[in-house]
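Good morning, colleagues. I ask you to keep the sequence and the structure in view while I go through the contact between the two chains.

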Amino acid sequence: MFYTVRSRLITIGILLVLSVWALIPTNTTQRVRDAATGRMKDTTVRRVPINLGLDLQGGIHLALEVDQSKGPVPDPADAIRRAERVVRTRIDEFGVTEPVVQVVGNNRLIVELAGEKDPARAKGVIQRTAFLEFRITDMKNLFRDALPEIDKALRQAGVKPAGEGAAATSVTQLFGADTAKGKAKHPKGKPAPKDSSDANAPGPLSSLLFQGQLPGEYLVPEEQVPVAESLLARPDVRRLIPRGIELKWGNEVSSRAARSYRALYAAEDRPIITGEELQDARATRDPLTNQSVVNFTLSRRGGRIFERETGRHVQDYMAIILDGRVQGQPPIIKGQIGQHGQIELGAKPLQEAQDLALVLKAGALPAPLTIIEERTIGPSLGQDSINDGIRAGIVGVALVVLIMVVYYRWSGALAVSALTLYVLFTLAGLAAFGFTLTLPGLAGLVLSVGIAVDANVLIFERIREELQHGKLVRTAVDEGFTHAMSAIIDSNVSTALTAFILYLVGTGPVQGFAITLIIGIAASMVTAIFVVRTFYMIWLQRRPDMATLSV
Amino acid sequence: MIRLFANANYDFIKWRRWAYGLTAAIIIPGFSLFLVRGLNYSIEFTGGTLIQVRTPTPVGTDRIRGALDAAGIHDAEIQEFGAPNEYVVRTRLGATGTRAEGTSEATAAAVDSALAHGLGAGQYSVGRTEAVGPKVGRELQGKAFLAIFFSFIVTLIYLAFRFEWRFGLAAVLATFHDILTTIAFIRYLDLEVSLVVVGAVLTMVGYSLNDTIIIFDRVRENLRKFRRQNLYEILNLSINETLPRSVLTHGTTMATTLALVLLAGEVLRPFALVMTFAIFTGTFSSIYIAAPLLMYVEKRWPGQDARGARAFRSGSAVPLESSQPPSPPAPGGSRSKAAV
């Protein structure tokens, strides 16, 4: 098949063209977030189509699993598959090139965001299970009415009121004026909170709570939050929390009078609607008030339910609960809402509205996810690695070239020119099969240049031996190639086998190493044997009477 | 034209006992140290966190330790990493792995905020962060073990297929020797054992095996060619014949690994060091371990014509009696064939 120089050259030519073609910079579409509008837009980047690993271009690698620490999830494998879809939607909106979202095994999700610079934000968006519910707050103050009972039970259990301020009242009217204003503003409001003096003697729990501005809103001093949390988690307390009421913490800390408070909301345990019905959410800035708002659209079914529920709850406060945390202060329902609604975020930055919209839109995770592995590589470190790797590669290859040319002279030069083809083929192989070049892969590439010439060394040594035995140049070359073949195949197969195992059990970077090594071995077989042989054939054809060989 | 070790005729096998002594002197202390203190496993295996930070000017590990201590993080290792203004902060999960998943990630955040407090927010930049939960660490340990185990199995199958079992046994034992010396080497230098380093060890296994195979290939060829020589002589002859190739190949490979050690940066350095050492030990074991072992195996379980049994008859190199040895050419003989 390859007996003539011509057919060999054609083969090499085809390989060369294919390789160059595989490496021609192509246009890659990239979604990026437009800073001005907050919308996603597509941009086109022209680059060499070799995937760089996260360790080279910087980025975030996350491994997530279904979090079962807070209660078992019935079908984690199904949950993770659904989570994959949700996370993928969110990531697509996030705007990174070629994100990886992939289920590994049956309960693990791998997320890789190349080039992402803000790990905290990315993790936030991914991990937010975004279980969204709208619930009406405890308008009838059922929880507050139950506080005396709870306090009594706690006292009986021997719990002492914490803090020095637990003197007289139970639920302290911290912001009495505000509440009054609120009442005045909403004459149609539910029964006003009972006067705080009605409450009983100081209680272990009630002394921690201050009545907030809205019905069902309580403020807990930040430093007391753990105490309140542990009290509320007690079984005897939980039994006494009124039926139909659930307590939810707010997501942010507000500070009044030099103290920080966290809001605790008593809300109905039945959501009027959940995120499942949500179809779209968009963040905008209201041009008139300059406030950030999120406009949302519900499904038709959701719209009907929402219309009915909001109709029943006009002037009630609706807590937006995301993953069990009340988002901001519950807004008031100003009137019946159908399929389209709006959440006003006030003076909050647009970014926050955008993130909320993103999470609402991308849907809810079926189960909470916990991060079991995280790797973040800054882009500058990745660039440093590339530079270092290339520098080491150039020096290493230069040394190999030097050794080969000095030692084998013209034959060495042939091997070296084949080596350039080798590097080209290897890179083209990575590009063509869509493998990723990682930092260890770069090392593998450099290393395999050293190993690649081994085949030529074996051949050249054999040719030298044959020449020494007095063979003619042409025969010596033939014999050299033939006899060295078994050793070359042996050595390459043994290296390829270990590399293959490494690929099977390794993770990202190590797999990159194994792949480069395997492709490198394949390419070196082609160049060291086929290409160098062809060079020899041309050489001998041009000087058929060659009596000596520069080897 | 340059020829290294052309037509060399060293009696390598004669020095085998010295070689055993030398390699034992490396392995025994190193391996004992390994048994007592274990290896410096990377957080990939132990679970934990790693944060690499760069400061505009060198601040010293003491200041970083101070910042972490102030934040209540006491069990962190702090190291300069390649440059005086690069540092790596590691915290490992306890060996028991009792801490819950997700805590290593929280620790990473805690270290970051401790540094922000201690050094000032703009005074450092985080190059990379790794947080590995105990579960992933345990899995990776299992995977690394499996990788080494399977590569041995596959290697054995390949050798069984390629050579008769006596050769295979000698080659595997020599490879096992390489793993022991490499563990000792890693222990002496206290290199961090990451999955990439395990990768280097496996590559080393392939490389060293390859070297042994090339010598054994020659041994097999010579056994057919020179029927009257004993194994001792055949082994020496084969090693000598393949010596130029060994020198050249190891030279080029070493050139690339040394370039990696010196230039490829701190992350790859343990990998590159292990590979460099692997070339040494692979070459050494192919000559001084695999070949003599083959002789012992042949002596203990003689093959076809029991040539191994004759191996110990001669104590030193015996001139080849064959009628067609690759006798050293007369100066200017075949050498004149080559262009100078």
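In which sense do strand 18 of chain A and strand 5 of chain B pair, and over how many bridges? They pair in the antiparallel sense, over five bridges, with strand 5 covering residues 125-132. Two strands are said to pair if DSSP finds at least two bridges between them. Within strand 5 of chain B, B:Glu130 is the bridge partner of A:Arg375. Helices here are DSSP runs of H or I with at least four residues, strands are runs of E with at least two, and both are numbered from the N terminus.

A word on conventions. This is a predicted model, in which local features need pLDDT of at least 70 and side-chain atom pairs count only at pLDDT 80 or more, while totals for chains, interfaces and linings use all residues. Residues are numbered from 1 along each chain as its sequence is written, and chains are lettered from A and ligands numbered from 1 in the order in which they are written.

As to confidence, the predictor gives the complex an ipTM of 0.80 and a pTM of 0.70. Chain B has a mean pLDDT (the predictor's confidence in each residue, from 0 to 100) of 79, and 85% of its residues reach 70 or more. In residues 308-340 of chain B the pLDDT is below 50, and this stretch has 55 contacts in the model beyond near neighbours in sequence. A contact requires C-beta atoms, placed from the backbone, to lie within 7 Å.

I turn to the interface as a whole. Chain A contributes 66 residues and chain B 65 residues. On the chain A side, helix 12 gives the largest share, 16 residues. That side divides into 35 nonpolar, 20 polar and eleven charged residues. Here Ala, Val, Leu, Ile, Met, Phe, Trp, Tyr, Cys and Pro count as nonpolar, Asp, Glu, Lys and Arg as charged, and the others, Gly among them, as polar.

Finally, the helices. Helix 14 of chain A (residues 508-542) packs against helix 7 of chain B (residues 195-225) at an angle of about 25 degrees, their axes 9 Å apart. Helix 14 of chain A is therefore roughly parallel to helix 7 of chain B, a term for angles under 35 degrees. Axes are lines fitted to C-alpha atoms, for helices over the stretch in contact, and angles run from 0 to 180 degrees between N-to-C directions. The residues in contact are A:Pro509, A:Val510 and A:Phe513 from helix 14 of chain A, and B:Leu195, B:Val196 and B:Gly199 from helix 7 of chain B. Five of the residues in this contact are nonpolar, one is polar and none is charged.

Conventions:
Angles under 35 degrees count as roughly parallel, over 145 as roughly antiparallel, 65 to 115 as roughly perpendicular and the rest as oblique. Two residues are in contact if their C-beta atoms, placed from the backbone, lie within 7 Å.
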